[in-house]
Amino acid sequence: MHNKPIRFRFRLSEVRHKEQLTGPHSYSTRMLSWGENCQQGFRLRDGSNVSAGDGVHLLNLGFDITDLSAGHSVLAFIKSNGDAAIIRTTESQDGRRVRGKQKLVKCREKIQAVFCDDHTVTLLSKGGKVLFVDTTRTYIPRPLEAFCNIPVSQVACGSQHSVALTKGGQVYTWGRNSRGQLGLGRSETFIDSPQRLGGLSALPLVLVAAGGEQSFALCVSGAVLGWGRNDCGQLGLGDKADRPKPTPVCYLNTKKSSHISCGKEHTAVLTKNGAVFTFGSGQYGQLGHNSFCDELRPRLVAELFGAKVTKIACGWHHTLVLTESRRVHSFGRGECGQLGHAEESHPSVPLPVQLPQDTNHGPIIENIYAGGNCSFATSVKFLSQEAQEESNTARVSNVTTDVIDKWVSECNSKSWKKIKGEILRTFSSASSMNQIFLDQSNDKHLQTSSKYCGLNMSHARHSFKKLSRKDHVLAEVQDAVLLLLPSLDEMPEGVEGLRIFLLLNELLHWIQRHGTRGTSTTLTEAVAAAAQRLSAESLQVLGDWWSSQTSSTKVRHVGVWKKALSEILCSHPVPRGPRLRNLLLVLQNMYNANGRVAEHQRIPEQTFCVEVSQIFLEEDLRIWRSMSNMKVLDNRPFVLCNFPFVMDLKSKKMAFDIYARNTKRAHQPMIPYGPATESYFFLGLKLKRASLLEGTFKQLAAAHPPDLKKPLAVYYDEDPKLTDVNKRDLFHHLFRKMVSPGSGTFMFNDSETLAWFPSTANEEDKTHFFLFGVLCGLALWNNSVIHLPFPLVLFKKLLGVEPTLEDLKEFSPDVGKSLQCILNYDEDELIKLDWDFIINWDGTEVCLDPRNPKKLLTVLNKKEFVDAYVSHAFNASVEAVFEEFKRGFFRVCDRDPVTLFRPEELQGLLVGQDVYEWAKLKQNTVWDLCFGSSNKQMFWEVFDELTEDQRKDFLWFLTGSRRVPILGMDQVRMEVQVPQLQNGQGYDQHFPGALTCHSILYLPLYSSKEIMREKLTEALITERVFSM
C-alpha cells in the first residue's frame, strides 16, 4: 500500500554547517549506507559501524572511495589508489537477498570509474580503457576489443545495456536492445560489440546516462537527447512511444541541464542553477511531486524550492539529491530502507535523510550514489576547497587562444609532430570542433535552440585568421577537415550538430584568402556536398542561424560560395553535375534565409550575384530550353537559369535577350517553295497615323499567337520603309495615350501619378486589357522602354509575388499610412475609431468579410482587416481584368525567361530608370574621324546649355525613349557621324538626324555654335501630330 499523498507543498529548510574546521586535511573517506543489505559485504574496521535510528549506517572503511555503482546483483567501488572491488548479491534458500564478501579485481590498470548493470561490472581505467567483468564467472576483467585504440571518457549502464562516451566525443552502445535502448534504429534484440551512434557524432557531448531500458546523452550546451523504452514517459518526450534512435527532449531546451541520472523507469535531470526535473514512472513517488502519477514531460520538483541541488542519483525506484548545504534528501520507494526516513514519512516528497552523528560533529557529505534498492553517501571531516567550489558547469574544449598561439609559433620538429596531432584531433572531430567556439559569456551557449546557435563567431573569426597566417598549419587544418566531412551524419540528432557548418563557412573564408586555389576549391565543394546531405529541417535551422549573424559575417560567408562558383563557371567545359549543383543549393539556402528575416536585417540581394559570360549563357539557355522536353528528370543537368538569384542584372538581361532572339528565329520558318514575304519573318503592323490605337488593337487581335513571338515591324501610311524608330514611336505614343488619366481606361491614385486596373469591367473591357497585356509583352520582347506608370505590385503579380501593405503605401500613401496606424493602435484607440470591415474602393462600397457584414475592427482582427484591404485592392477587385492582362503578356513572352527577374528588375526593363548620368554619355560617345576637337567641344557646350528636359528630349531623339535603360547610361553608346549631303548643299541648312535602333547621331558640321544650338533644339521638338 502506498502512503496517500500529502496535500501541501513541502518547503525544505536549508541549514548550513556552522562549524568552521581548521588544521591539516587528515581523514579517510567514510561511507554512509542505507537500504537493502546496507552494511553487508564491506570490510569494516572493528567498532566502526555507527547506526542511526532509521537504518543509515556510517561505515569507517579505512580507505577513500572515489566512485561507486550498484546493480541488481552486484555492487562495485573504486579506491583512491585506483583499485576496484566487487561485492555480489545472491538469493538464499529462503528467498532473501544476501551480499557476499568484498573481492578485489585483479587488474594492472588503475581504475577511475565503475559502472554496474544487473549482473556485470564495467571498469574505466585512467588511460581510457574499458574493461568488462562478468561476475557470474570470474573477477578477472577483460578489455573490450572495440575500444583498444579509442580512449573512453565515460560509461553508463542500464539493466542489460551499456553506453560509452569516447574522449573524441563519440557514443557507442552495446547489450540488450529489446526497447531500442541502444539507439541504433535497428531491430536486433542483442548486440554484443559496441556500435557507434552516427546521429550523435557532431554533437559536443559531455555525459551519457542509462537506466532500466532507457539511455540519454547530454550536450555541453545543456541539450538532452533520449532513446529506448518510454512506456512510462521516462524519456520526457510527452508521450509513451519508445524511441529506437536518439530524440531531443525539447522540454528541457534552455533549462541549462548539467547532469542526468536514470532509475529503472524514471529519470532525473539537474540544471546548472540547482533545479531538478523528473519524469517517467511515479508509481512509488520517485518523482518527488507529492503524487504517484507518471509524468510524460520533465517537471520541476517544486518541493525542493529554496534548496540549490548540486548532485542527483537514482536507484531503481527512488531518488537522492544532495543540496549545496551538504544535506541529502530522498523520495520514492522505501520498503528496504533506501530513503533513510522514518516509517511514517511521505515517500512522494523530498525529505532529509536521517544521517548518524558521531562524537564530534555530523558528517560533511561529499557525494551520493544510488543503485537498485541501495543508497550511499561518502563523507569527509573537511571539505576541500575544490569540492566547495565544484559547479555543475559542463566541461568544454581545452583548445584555447594560447593553444592556437602555440600552433602558429615557431617550433622544432618534435613539437611540430605533437602540434599536428592536436590539430588532427581537433579538426577531424565534429564533436571537438563544435565546442571550441561556444559563447560562454553569461552562459549563452546554454540557450542554444533552433533560433540561436550558441557560438562566439568573433572568437572563431580571430582564431581562423591566426591559423591562416601559417601555410603549413592551415594545410594541416584543411587535411583534418577533409577527414571530418565524410563522418558528418545526414540527420544529426538535435540542432547542435549543425554548428559545424557555420564554423566551416568562416574557416573557408580564411582558407580562400590564404590557401592555394585548388585546395580551397576542393574543400569548399566538399563542405557543400556535406551540407546538401542534410534534411530540409536542418537546412532551415542552419539558414536561420546564419541569417541572425552580423551583416559583415553574412556577406563574408556568401563570398565564399560565390568565389567557388565563379571558379567553376570559368572552367571549360563547365561541369554541370553535383559540383555545380551543391554550390548553387548552398547559395539558394542562404538566399532563402535572407528573405525570411526583416528587411532591415537583410543583406542586399546583389550580394549573391555573379557575372556570367555570354558564351556560358548561350550554352546554359540551350540546355534550359531542351530540359522542358525531357521526360526523365533524375539526371537533368543543372543550369544557372534555374537559380536566377545568383545572376546579376546584366547577366539576366543578356539571358533574356538571347532567349528572345533564339525564339524569334525559331518562329521564322524556312520557306521551301516560292518567295518569302516579310510576314514570314516579322509580326508586321501596317498602321495609319490617323487611327493608331484602333488599328493596332485590331491587327493584334487578328494575329496568330505564334506570330506574336516574331520580331515586331511597324509600317506607317503605306510606307514600306522598315525602321526601328517606327516601333519606338508606336510604343511611345500608344502608352502615353492609353495610360493617362484622361483615357478613362485605368483608375489613378489621388495624385494621378500611378495607374491601376479598374474594379469594374465588361467583356469588351476584358478584351481590351488582354490586348494591353499583349502590347506590354511586345515592348519587353522587342527591347523597348515604355511609359507604364504602374506601382511595383503589377510586376509582383506577374511573377507570382503576393502584394503587401508596402504596395498600398506606394499607390495610395494616405490609405497605406492609415492602415499602418491601425496596426499600431491599441484596443482603446480602435474602440474610439469605431470602424467595421466595410471600405470604399474605386468608388464602390465593399465588405471585406461578406459572411459577417457587421464585423467590427478590434485589436484581435486588425491584421486580418489590413490584409483583407490589401488583398481586395490588388487581387479580388481586379481578378478578372488582371488575369486577361497577364494572359496577353505571356502570350508574347515565355514565362521562363521572365521569371529570371525580380519584380523591381522587371519593372526597370519595361519602364527604364530616371537616373541620368550625362557624364557617362559623354564618356562613351564615339566620334567619326571627320570631327575635329573644335566640333566636339562645340557640341558638348551646346548640350551642357540645354535644360534637363531638353536633354531628356535629346535622349528620346537618340534612342527612342526619354528614360535610361535599366542597366544605366553605360548602355547608351552614342556614335556621332557626319551626314552625307548632295552636291552643292551646305551643312548649316540641315537638322541633326538619328538612327535610334543603333543610337547613331547624324550631326552636320555646323559653322557656328549658334547655328548648331538652333538646329538641335528645333529637332528635339518631340510632339508628333498623331490621332489616336
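Predicted model: local features only at pLDDT ≥ 70, side-chain atom pairs only at ≥ 80, totals over all residues.

Visitor: Okay, how many residues are in the largest nonpolar core?
Guide: The largest nonpolar core has 181 residues. Phe757 and Leu788 have the most contacts inside this core.

Visitor: Which helix gives the largest share of this core?
Guide: That's helix H16, residues 763-781, which supplies eleven residues of the core.

Visitor: Back to Leu788. What is Leu788 in contact with, leaving aside neighbours within four places in sequence?
Guide: Leu788 is in contact with Phe735, Val739, Phe772, Cys776, Leu794, Phe795, Leu910 and Val911. As for the general background, nonpolar side chains in soluble globular proteins tend to be buried together.

Visitor: You mentioned H16. At what angle does H16 pack with helix H15?
Guide: Helix H15, residues 724-738, packs with H16 at an angle of about 140°, and their axes are 12 Å apart. The crossing of H15 and H16 is left-handed.

Visitor: Which residues make the contact?
Guide: H15 brings Phe731, Leu734, Phe735 and Met738. From H16 come His768, Phe772, Leu775, Cys776, Leu778 and Ala779. Sorted by class, the contact of H15 with H16 has nine nonpolar residues, one polar residue and no charged ones.

Visitor: Nice. New topic: strand S29, is it mostly covered or mostly uncovered?
Guide: Mostly covered: S29 spans residues 364-371, and six of its eight residues are buried.

Visitor: How many bridges join S29 to strand S30?
Guide: Seven bridges join S29 to S30 (residues 374-380), and the two strands run antiparallel. For one of these pairings, look at Tyr369, whose bridge partner in S30 is Phe376.

Visitor: What's between the two strands of that hairpin?
Guide: There are two residues between S29 and S30, and in this hairpin Gly372 takes a positive phi near 60°.

Visitor: Last one: what is the strand order in the open sheet of four strands?
Guide: The order is S37-S38-S40-S39, with mixed pairing. Strand S37 (926-927) and strand S39 (993-995) are the edge strands, each pairing on one side only.

Visitor: How do S37 and S38 pair, parallel or antiparallel?
Guide: S37 and S38 (residues 975-977) pair in the parallel sense over two bridges. If you want to find the spot, Val926 has Glu975 as its bridge partner in S38.

Key
Residues numbered from 1 in each chain as written. Heavy atoms only, no water. Core = buried A, V, L, I, M, F, W, Y, C linked by side-chain atoms within 4.5 Å. Buried < 20%, exposed > 50% of the residue type's maximum accessible area, 1.4 Å probe, protein only. Contact = heavy atoms within 4.5 Å. Pairing = 2+ DSSP bridges. Axes fitted to C-alpha atoms, helices over the stretch in contact; angles between N-to-C directions. Left-handed = near helix turned anticlockwise from the far one by under 90°. Nonpolar A, V, L, I, M, F, W, Y, C, P; charged D, E, K, R; others polar.
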